[in-house]
Amino acid sequence: MDDIAALALSIERDRIRRARMRTAEQKLLDGGELFDDVRERMIWGIKSDFPGFDEEQILKEFRRRLALSRRLERPR
Amino acid sequence: MTANQIVLQVIRALETADIPYMLVGSYSSNAFGVPRSTQDADFIIEPGDRSISAVAALIGPDIKLDPQLIFESVTLTSRYIATHEPSGFRIELFLRPDDEFQRSRFSRRVQKLFEDRLIWIPTAEDVIVQKLRWFARIKRSKDWDDIRHVAAVQQSRLDLPYIRHWCDQHGTRELFEKLLKEAEEIQPEQES
């Protein structure tokens, strides 16, 4: 096993170990909380890309990027 | 409004409209595996003869429920889509398919605390059986990762004969045995 593969395996094992330390109830909340976090970062990114955008334009661009991401995930 | 508040709002609406449900998809695999971000919350619902428009009226003005039922030919599922316009978070309400496994999965659903409310989700075993079925059909790597993590995190707590029974029915037994091997490989060292 090369160094990169060994590192990837070690990270994955650590994720399993950490997941076991948390309850199902705690982890049920994570998907939504991560979405809120990602959304906030995407908004910051759009503000940085387009400093002249108003709130409505920012939300429009955010929805466009989200729709693109959903299209890429859709079953084909 | 946060994504989880949107999920709770939909659950309250379903319960008020007396529509049995369970929260599936990545929310349920997160509960039993390794959490990841999600852009939507998927529900299986059994509306029976109740109208979905009752839910549309109950979920509030910010969450728009399209009353048009959408049939997805790749996955052979029918669903309603609701979107929370300000955040872009989406809710998909799938009608429970009428096959033996789906009836079993729904009848075995369990309650877990979500914020301050008990909600229904499938068992860990049923998460694996269903996502294996999807993976066999549409080969999305994130489905494989989700259930590999569920198998690794749950390990000896899983009812393997139950999973193997349904995998034999669905033609996914070989995939399941491969999944178990991969889950074994990622066990933390002191526990393997």
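In which helix of chain A is A:E61 found? A:E61 is part of helix 4 (residues 55-73) of chain A; helices (H or I, at least four residues) and strands (E, at least two) are DSSP runs, numbered from the N terminus.

The model is predicted: local features need pLDDT of at least 70, side-chain atom pairs count only at pLDDT 80 or more, and totals for chains, interfaces and linings use all residues. Residues are numbered from 1 along each chain as its sequence is written, chains are lettered from A and ligands numbered from 1 in the order in which they are written, and side-chain values use heavy atoms, with hydrogens and water left out.

View 1. A:E61 counts as buried at 11% relative accessibility (buried, under 20% relative accessible area; exposed, over 50%; partly exposed, in between; 1.4 Å probe, protein chains only). Its side chain makes a polar contact with the side chain of A:R64 at 3.0 Å (a pair of N or O atoms within 3.5 Å; within protein, one must be able to donate a hydrogen and the other to accept it, and residues adjacent in sequence count only if both atoms are side-chain atoms). Not counting residues up to four places away in sequence, A:E61 touches A:I46, A:F50 and A:F53 (contact, heavy atoms within 4.5 Å).

View 2. Rings of Phe, Tyr and Trp (its six-membered ring) pair if their centres lie within 6.5 Å; planes under 30 degrees apart count as stacked, over 60 as edge-to-face and the rest as tilted. A:F50 is partly exposed, at 32% relative accessible area, and A:F53 is partly exposed at 28%. In chain B, the rings of B:Y27 and B:F114 form a tilted pair, with centres 6.2 Å apart and planes at 55°. B:Y27 lies in helix 2 (residues 25-32) and B:F114 in strand 7 (residues 110-114) of chain B, so the pair ties together parts 87 residues apart in sequence. Both B:Y27 and B:F114 are buried.

**View 3. Arginines over aromatic rings: A:R39 over A:F62 and B:R109 over B:W120.** A:R39 is 5.1 Å from the ring centre of A:F62, and B:R109 is 4.2 Å from that of B:W120. A charge sits over a ring if NZ of Lys or CZ of Arg is within 6 Å of the ring centre and within 35 degrees of the ring normal.
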